[in-house]
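Subject: Structure handover

Hi,

Here is the structure I promised to pass on to you.

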Amino acid sequence: MEHYVTVEKLTKKYGDLVAVDNLSFTVDENEIFGFLGPNGAGKTTTLNVVSTLTDYDRGIVNIAGYDLAKDPAKIKALLGVVPQEIALYGMLTAAENVSLFASLYGLRGKGLKDAVTEALEFVGLEGERSKRSDKLSGGMRRRLNIACGIAHRPKLIIMDEPTVGVDARSREMILRSILTLRDGGATIIYTSHYMPEVQEIADRIAIIDKGRLAAIGTEEELLGYVTDRKSIRIGTGTGAAETGRTAAASVAKLAGVKAARYVEESGEICIDVGLELANVSPILKDLMEIGVTIRSFDEEAPNLETTFLALTGNALSVEGAEHPGVTGRGRGKKPAM
Ligand SMILES: Nc1ncnc2c1ncn2[C@@H]1O[C@H](COP(=O)(O)OP(=O)(O)OP(=O)(O)O)[C@@H](O)[C@H]1O
Ligand SMILES: [Mg+2]
């Protein structure tokens, strides 16, 4: 099957900085594609290229059979963009903002009015339609930002951190909206720093780091990427962050340990060890010598957060670490280990 979006060997530089480095991936029609990476990985830059907002140095971008270099106007007509930086006119009301953006895509008259109402209902802002957008709360502005990107019913929707800074209820509403858009026939590419949400809605996920592709596939496929280690979690109780950090740094230097970090929110020390390490006593001894109180010890089933950490050396987010119950649960099939 022909892919709906094909990005091939894309490179984009800002001066000497290679923001996107020979990046290739495809997105199928009617798919929700999660695009993950640490800060500065090149996600926004890539999405800006795909959205025709930024030029690029090398590579091929093809969308719905159109080559970006030859037919940017054809591609623009298919697109709906929800940018990372909220783009609204503060002096205009919620409805006027949506109307303005939808009119840029050629909607007029009754079609435009209906599209505005539908989009506002879609993000739960129908009741605020006559409020000036600079009088809305941050979460509402985030939702209005989405309404502006989707009112013209685009085939390909590109959302850059659509849920950042919104409360749990609004986040749920946005996620449901994304699923509804997909079920209505749209293809969606979106970035997020919130792993549970990606696990909840993405059909496939790409992890990029330093402008390069680190992994791509379904959640289950991604869990198979890192097979050289297992993770252990040591509960130390909260309130001794200094000791926890010192301990993580010390343990990270021990033989057989690949990485260690202290998660302040949960008071846990998370340690990646090579599969060959049969005896964890030296780790526990080191922790005790530093003065860590060991309250619990668990081997962790591989999950997307640990995979992301192993591939990029970064936690996806502080937010992710605030939800150990979610990130810590064993999911999917274990890769061979
Ligand atoms: N307009 C610009 N001029 C110069 N450098 C830029 C510009 N935009 C981005 N960069 C750099 O390119 C790299 C990739 O940035 P980008 O915004 O694409 O990352 P990101 O993955 O979206 O990160 P985040 O998770 O923080 O949004 C970074 O090193 C950034 O500093
Ligand atoms: Mg970004």
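Four strands make up an open sheet in the order E12-E13-E11-E14, with antiparallel pairing; strands pair here if DSSP finds at least two bridges between them, and the labels are DSSP runs numbered from the N terminus, helices (H or I) of at least four residues and strands (E) of at least two. Strand E12 (257-263) and strand E14 (296-300) are at the edges with a single partner strand each, so one side of each has no neighbour in the sheet. From one strand to the next, the twist averages 20 degrees. Within this sheet, strand E11 (residues 229-235) and strand E13 (residues 268-274) run antiparallel and are joined by seven bridges; Lys 230 has Val 273 as its bridge partner in E13. Helix H9 (residues 241-251) lies across E12 and E13 and runs at about 175 degrees to E12. Such angles run from 0 to 180 degrees between N-to-C directions, with axes fitted to C-alpha atoms, for helices over the stretch in contact, and a contact means that C-beta atoms, placed from the backbone, lie within 7 Å.

Before going further, a word on conventions. This is a predicted model, in which local features need pLDDT of at least 70 and side-chain atom pairs count only at pLDDT 80 or more, while totals for chains, interfaces and linings use all residues. Residues are numbered from 1 along each chain as its sequence is written, chains are lettered from A and ligands numbered from 1 in the order in which they are written.

How confident is the predictor? The pLDDT (its confidence in each residue, from 0 to 100) averages 89 over the protein, and 93% of the residues score at least 70. Strand E1 (residues 5-14) has the highest confidence, at 98, and helix H13 (residues 324-327) the lowest, at a mean of 29. Over residues 318-337 pLDDT stays under 50, and the model has 38 contacts beyond four places in sequence for them. Where pLDDT is low, the predicted coordinates should not be read in detail.

An automatic or database domain assignment divides the protein into domain 1 (5-223) and domain 2 (229-301). Their C-alpha centres lie 38 Å apart.

There is also an open sheet of six strands, ordered E6-E7-E8-E3-E9-E10, with mixed pairing. Its edge strands, strand E6 (79-82) and strand E10 (212-217), each pair on one side only. Strand E3 (residues 32-36) runs parallel to strand E8 (residues 187-191), with four bridges between them, and Phe 33 stands opposite Ile 189 in E8. Helix H11 (residues 304-312) lies across E3, strand E9 (204-209) and E10, at about 30 degrees to E9.

Elsewhere, E1 pairs with strand E4 (residues 58-63) in the antiparallel sense over five bridges. E4 also forms a hairpin with E5, with two residues between them, and Ala 64 in the turn has a positive phi of about 50 degrees.

Finally, the ligand. The shell around ligand 1 (C-beta atom, placed from the backbone, within 6 Å) includes Tyr 14, Asn 39, Lys 43, Thr 44 and Gln 84. Helix H1 (43-50) and strand E2 (17-27) each supply at least two of its residues, and H1 gives the most, with three. By class, the shell has four nonpolar, seven polar and one charged residues, where Ala, Val, Leu, Ile, Met, Phe, Trp, Tyr, Cys and Pro count as nonpolar, Asp, Glu, Lys and Arg as charged, and the others, Gly among them, as polar.

Best wishes

Definitions and conventions
pLDDT = per-residue confidence, 0-100. Contact = placed C-beta atoms within 7 Å.
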